[in-house]
Amino acid sequence: MFELPKEVERIMEIITNAGFDAYLVGGCIRDFLMGEKPKDFDVTTDATPEEIHRVFDSRGEVHLIDTGIKQGTVTAILNHVPVEVTTFRRESGYSDNRHPDQVTFSKSIEDDLARRDFTMNAIAYNPRGNGEFVDLYYGQVDIKNSLVKAVGDPDERFREDALRIMRALRFASQLDFEIDEATARAMKTLKDSLNNISRERIQKELEGILCGKAVERILRDYREIIEVIIPEITPMVGLDQCTPYHIYDVWEHTIRVVSGISPEPVLRLAALFHDIGKPSCFTKDEEGVGHFYGHPEVSTEIARGIMNRLKFDNHSKDKVLTLVRWHDLRPEPTERSLRRVLVKLGKENFDGWIQIKRADNRAQSHFVSDRQVVIDQLEEIGHRLIEREGVLSVKSLDISGRDLMNLGLKEGPSVGRILKLLLEDVMEQRISNSHDELINRAKKYLQ
């Protein structure tokens, strides 16, 4: 027996008391069976949306929202707890590789489970009485064996909805599951159909993959699928860095950095992109040693193009690009050097920068393992500066771009450059953060 929130129990009770079937289904059952607390609850029923409205509207106890009425989904809300209630249905025709062309309501739980993506999500549970599982595809066995397996014919499942390919990778990464052999083969065969999926949906699944605990294995074993989404990684694969400081090729180094950093989307994206410009910057000197001059700048521009293409929001994009642009800075562990780093990064990005430095170093040769000590020193000094000194960004200055334009400077990039020079003056303690001193120093720059 599963311990359900009383609101979920009550919603199901109202449906069954009205003479309809009601099963918990999908991710909440998977979470229960894995000993996890479900984040949300889905109920499937033989009642149509119109019948659900009649059942609940007559009582006034539950608020209903038609969240997907054409697909048979109504969200029932009781005491601020939402439960998605969906009619049993069959689906047919997926001309866009994503959405069914036709949805037909059914009276059979078997029909509803047959349309689902993976066996672990195709388990229904009736909590009434002693409880009853409907598990036609042995999803409980696959959960026990830590296996992602398509329901029925995997080729058919992925032709119906290509996003399921990314969902399979996300589940495998987040749950640390293996992917069934036939399922994996179909995913790789049909990987190019991901080009038919909206970039926004791809973006969300990619973030889930990157933040999973098995991300290193997934990026390594299913690289050819990720390449459909981010073809810019292809030149990284097998590129020997030809330096004693690196024991892995660029791609293997990258996936180790990704897995070695906190599972936060911004940090893992920055790790994925930090060396993506290396292939186009690769040169060898006369002794055959590899160099990648300017690769942070090139990586930043490549990352910008990828994030624009995948429709990332501006806030995430700015943070990722800042970390990629400055990841290779190697300041001395002194306050003077760290002040300059903080001007470039902004204090809000400092901890992420430290994490990338640390993970980047750990994914290199043992010849540079002593840099971890320096990184620890940088972290300590940086935190001390942030705690002690309030001026760490242009916005903190007691002067604005409007003040500079009042002095005769034309609006444009020059305003930002002067403000950064003034910020550096304050952080180097050449002047104080007072309006008069900043104005006087600005006048000298303008001259």
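# Reading the pocket, cores and helices

User: Which element gives the largest share of the lining of the largest pocket?

Analyst: α7 does, with 7 residues. Helices (H or I, at least four residues) and strands (E, at least two) are DSSP runs numbered from the N terminus. This is a predicted model, in which local features need pLDDT of at least 70 and side-chain atom pairs pLDDT 80 or more, while totals for chains, interfaces and linings use all residues. Residues are numbered from 1 along each chain as its sequence is written, and side-chain values use heavy atoms, without hydrogens and water.

User: How is a pocket found, and what volume does the largest pocket have?

Analyst: Rolling a probe the size of a water molecule over the atoms shows where empty space is left. On a 1 Å grid over the protein atoms alone, a pocket is an open set of points where a 1.4 Å probe fits, with protein on both sides within 12 Å along at least five of seven lines; lining residues have an atom within 4 Å of a point. The volume is the space filled by probe spheres on the points, which are joined across faces, edges and corners. Here it is about 1,300 Å³ for the largest pocket.

User: Which residues lie nearest the centre of the largest pocket?

Analyst: D42, E84, R116, D117 and R167 do, out of 40 lining residues. Elements that each supply at least two lining residues include β2 (41-45), β5 (81-87), α7 (163-175) and α9 (199-210).

User: What is a nonpolar core, and which residues have the most contacts inside the largest one?

Analyst: In soluble globular proteins, nonpolar side chains tend to be buried together. A core is a set of buried (under 20% relative accessible area, 1.4 Å probe, protein chains only; exposed is over 50%, partly exposed in between) Ala, Val, Leu, Ile, Met, Phe, Trp, Tyr and Cys residues joined through side-chain atoms within 4.5 Å. The largest core has 120 residues, and L24 and F273 have the most contacts inside it. α7 gives the most to this core, with 8 residues. Apart from this core lies another, of 7 residues, among them V25, F88, L113 and A124.

User: What does L24 touch?

Analyst: Contact means heavy atoms within 4.5 Å. Leaving out residues up to four places away in sequence, L24 touches L4, V8, M12, I29, F41, D42, V43, I123, A124 and Y125.

User: How is a helix checked for length, and what span should α16 have?

Analyst: The expected span is 1.5 Å times one less than the number of residues. For the 13 residues of α16 (residues 314-326) that gives 18 Å, and the end C-alpha atoms are 18 Å apart, which agrees. The buried residues of α16 include L321, L323 and W326, and the buried residues pack against α13 (265-273), α15 (295-309), α17 (335-345) and α18 (350-362).

User: How many residues of α18 are buried?

Analyst: 10 of 13, so α18 is largely enclosed by the rest of the structure. Among the buried ones are F350, W353 and I356. Their cover includes α12 (250-259), α13, α16, α17 and α19 (371-388).

User: Is H80 buried or exposed?

Analyst: H80 is exposed, with a relative accessible area of 80%. H80 sits in the loop between β4 and β5, and its phi is near 70°, a positive value in a residue other than glycine. N79, in the loop between β4 (73-78) and β5, also is not a glycine and has a positive phi, of about 55°.
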